[in-house]
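Subject: Structure handover

Hello,

Please find the structure below, with the sequence. My notes on what was found in it follow.

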Amino acid sequence: ISMENSSSVKEFILLGLSGDQGVQKIYFVVFLLFYTLTVAGNLLIVLTVTSSRHLKSPMYFFLCHLSFVDICYSSVTAPKMISGFLVENNTISFAGCIGQLFGFHFFGCTEIFILTAMAYDRYVAICRPLRYPALMSRRLCGRMVGGSWVGAFLHSTFQTLPTALLPFCGPNKVAHYYCDVHPLLHLACADTRVVSLATVANGGVISLGCFLILVTSYVVILVSLRGQKPAGWHKALSTCGSHITVVVLFFGPCTFVSVRPSGDLAADRSVAVFYTLIAPMLNPLIYTLRNREVKGAVRKLCSRKVGSG
């Protein structure tokens, strides 16, 4: 079924974060800086992990993939949003809008699954240390990452296809800075209650389900540490601290938007900025500052680059 034929609307206008021209110019500078830091920081993590001989454990394997996903995830929405601050009408074609919707859910869901895989890795490392090399084999890690991509593809298809097949006959102003399911459902010329409930259920089950798995894994870790000496507690929590921080920053806003029916789109816009741009920007900083091995590897990589330059 052709997407172009299913709708009389050939393009949408993204309303963005503000209609005030002065505020938009401030946003342009701020979010351009955020996006630049996001790409640079995560690219540095990818280069550091792939070039270091010491960062070969499953934790860093997952971290490398997480940083790559963060670059892709923020790049789906940020460039269009940032360029939109400089034009009066930020337009996007119907096909481009559906592509952005698919990419947003694809990379966002991949990130959720990889964060869940990282939680399992920390659980095994702390609660089953003697069996860690056998349980977290290279093959299993590869399958977990591959499964994350495949699962995210299926989720994104389920979110995108029903929305793409809805009739859009006008108006064409999307009350958001990127194309997402809720704002598009408000513009469809059909009864969207079934599609809305299905997408909320699908997104909610994944985000809330994975969040509960993450919380459970850390409760089990804390329970297993009972009776340990303070040094053991400190070591365990220091290895989990970065991951817990990233999970809270990403899952909190993401779950808030995913599990509730479409309502206040202005609130959704504000919250979405946090998990589409700010959280991916902070991830490399959190992992670098809280991890001595990563800091050391980053310094070595930078000194090599400076020396070769």
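Leaving aside its neighbours within four places in sequence, which residues is Thr 110 in contact with? They are Val 69, Ser 148, Trp 149 and Ala 152, where contact means heavy atoms within 4.5 Å.

Before the rest, two notes on the source. This is a predicted model, in which local features need pLDDT of at least 70 and side-chain atom pairs count only at pLDDT 80 or more, while totals for chains, interfaces and linings use all residues. Residues are numbered from 1 along each chain as its sequence is written, and side-chain values use heavy atoms, with hydrogens and water left out.

Overall
The protein has ten helices and three strands; helices (H or I, at least four residues) and strands (E, at least two) are DSSP runs, numbered from the N terminus. From the N terminus on, the order of elements is β-α-α-β-α-α-α-β-α-α-α-α-α. Of the 309 residues, 49% count as buried. Buried means under 20% relative accessible area, exposed means over 50%, and partly exposed is in between (1.4 Å probe, protein chains only). Among contacts with a separation of 6 or more, 80% come from residues 24 or more positions apart.

Helix H3
Thr 110 is found in helix H3. Thr 110 counts as buried because its relative accessible area is 0%.

With a relative accessible area of 2%, Ala 119 is buried. Apart from neighbours within four places in sequence, Ala 119 is in contact with Leu 214, Ser 217, Tyr 218 and His 243. Ala 119 and Ile 244 are 125 residues apart in sequence, and their C-alpha atoms are 8.7 Å apart.

Helix H5
The buried residues of H5 include Ser 148, Ala 152 and His 155. The buried residues of H5 pack against helix H2 (58–84), helix H3 (94–127), helix H6 (181–185) and helix H7 (193–224).

Salt bridges
The count comes to two salt bridges, each being a side-chain nitrogen of Lys or Arg within 4 Å of a carboxyl oxygen of Asp or Glu.
- Arg 122 and Asp 121 meet at 2.9 Å, N to O. Arg 122 counts as buried because its relative accessibility is 9%, and Asp 121 is buried at 1%.
- Asp 191 pairs with Arg 193, the closest N and O atoms being 2.7 Å apart. Both Asp 191 and Arg 193 are exposed.

Second largest pocket
Among the 18 residues that line the second largest pocket, Leu 14, Leu 15, Gly 16, Gln 24 and Glu 88 lie nearest its centre. Strand S1 (11–14), helix H1 (21–51) and H2 each supply at least two residues of the lining. On a 1 Å grid over the protein atoms alone, a pocket is an open set of points where a 1.4 Å probe fits, with protein on both sides within 12 Å along at least five of seven lines; lining residues have an atom within 4 Å of a point.

Regards
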